[in-house]
Amino acid sequence: MSVEAEFDEPKFRQSVDAARKAAEDTAHVIVTLKQRDDWESHRPGVELIFYLALVDYETKVMVHRLMTSPDDRYIWEKYLALHLHEALQKVPKRISDAIREMGRPGTASHATPAKYIAAYQVLKDALKPIHSDKDFMTALRQIRNSVAAHHGGKSETSMDASIYWMLTSSQGVTEGRSPLRSQILEYVTRFGHAVQDFAHSL
């Protein structure tokens with residue numbers, strides 16, 4: 001089987017649709033729950049699930065676009081890198097903040113912190129291979145700070161990073177390299193599975 005054949009576009013398109021529906025449904029649930037007197041007892045857990053549903057949806061949309069528009073990988077791989085950089089920082093913080101609120105003395109939350117703590121530990125273990133890849137994490141920060149932020153700030157005048165990224169992407173397209181060989185995509189996929197596993201375990 002070729003590398004390209006490993007990507008089942010119709011099936012993945014269905015997963016994108018399902019992710020969008022999950023985010024929409026959770027948003028509707030939150031609007032309904034906010035009208036109830038016991039909203040605060042649900043809020044930490046439900047808002048966390050909504051946030052993770054959004055992350056899952058955004059991840060799948062960008063992966064789908066990368067795989068179905070390989071000629072434009074300069075754009076989609078760049079924004080996948082930015083998405084991964086931010087998610088690796090923000091997802092653990094969001095989970096940690098929710099757990100802290102659930103366990104706070106006098107909290108209105110009825111959630112069981114121990115269940116979230118156990119699921120959080122599994123997620124952290126699943127993400128260790130990404131965080132421990134120092135070369136990749138360094139490159140990811142460089143992409144985030146130079147390539148993804150190509151409009152630059154007041155002190156930034158060079159376009160060298162974006163030029164290099166464009167030429168590297170162009171070479172990949174010319175040589176017919178599948179986006180599936182991208183380490184960014186590999187780690188985005190690992191991250192996505194970890195987030196899904198966390199949400200499904202609650």
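These are my notebook entries on a predicted model of one protein chain.

**Entry 1: ground rules**

The model is predicted, so I kept to local features with pLDDT of at least 70 and to side-chain atom pairs at pLDDT 80 or more, while totals for chains, interfaces and linings use all residues. I number residues from 1 along each chain as its sequence is written, and side-chain values use heavy atoms, with hydrogens and water left out.

**Entry 2: the chain as a whole**

I looked up the secondary structure and found seven helices and zero strands. Helices (H or I, at least four residues) and strands (E, at least two) are DSSP runs, numbered from the N terminus. Read from the N terminus, the order of elements is α-α-α-α-α-α-α.

I then looked up burial. The chain has 202 residues, and 37% of them are buried. Buried means under 20% relative accessible area, exposed means over 50%, and partly exposed lies in between (1.4 Å probe, protein chains only).

**Entry 3: helix 3 and its neighbours**

How do helix 3 and helix 7 cross? I found that the axes of helix 3 (residues 73-102) and helix 7 (residues 183-200) come within 10 Å and cross at roughly 30°. That makes helix 3 roughly parallel to helix 7. Axes here are lines fitted to C-alpha atoms, for helices over the stretch in contact, and angles run from 0 to 180 degrees between N-to-C directions. Angles under 35 degrees count as roughly parallel, over 145 as roughly antiparallel, 65 to 115 as roughly perpendicular, and the rest as oblique. The crossing of helix 3 with helix 7 is left-handed. A crossing is left-handed if the near helix is turned anticlockwise from the far one by less than a right angle, and right-handed if clockwise.

I next took helix 3 with helix 4 (residues 113-131), whose axes come within 10 Å and cross at roughly 165°. Helix 3 is therefore roughly antiparallel to helix 4. This crossing is left-handed.

I also noted one residue pair here. Ser 96 is in helix 3 and is partly exposed, at 24% relative accessible area.

**Entry 4: helix 2**

Helix 2 packs with helix 7 at an angle of about 150°, the axes being 10 Å apart. Helix 2 is thus roughly antiparallel to helix 7. Helix 2 passes helix 7 in a left-handed crossing.

Is Ser 41 buried or exposed? Ser 41 lies in helix 2 (residues 39-68) and counts as buried because its relative accessibility is 8%. I found 7.6 Å between the C-alpha atoms of Ser 41 and Ala 111, which are 70 residues apart along the chain.

**Entry 5: salt bridges**

How many salt bridges are there? I count 14, where a salt bridge is a side-chain nitrogen of Lys or Arg within 4 Å of a carboxyl oxygen of Asp or Glu. I looked at three of them.

- Asp 25 and Lys 21 meet at 2.7 Å, N to O. They are four residues apart in helix 1 (residues 9-33), so about one helical turn separates them. Asp 25 is partly exposed at 32%, and Lys 21 is partly exposed at 48%.
- Asp 97 and Arg 100 meet at 2.8 Å, N to O. Both lie in helix 3, three residues apart, about one turn of the helix. Asp 97 is partly exposed at 30%, whereas Arg 100 counts as exposed at 52%.
- Asp 125 pairs with Lys 128, with the closest N and O atoms 3.4 Å apart. They are three residues apart in helix 4, so about one helical turn lies between them. Asp 125 is partly exposed at 37%.

I also noted a network: salt bridges that share partners join Glu 40, Arg 43, Glu 47 and Glu 101.

**Entry 6: a nonpolar patch**

Which residues make the nonpolar surface patch of about 290 Å²? I found Met 159, Ile 163 and Leu 167. Patches are made of residues with over 30% relative accessible area and no salt bridge, like charges being joined within 9 Å and nonpolar side chains (Val, Leu, Ile, Met, Phe, Trp, Tyr) within 5 Å. Accessible areas come from the Shrake-Rupley method with a 1.4 Å probe, and for residues only the protein chains shown count as cover.

Met 159 sits in the loop between helix 5 (134-147) and helix 6 (160-174). With a relative accessible area of 39%, Met 159 is partly exposed.
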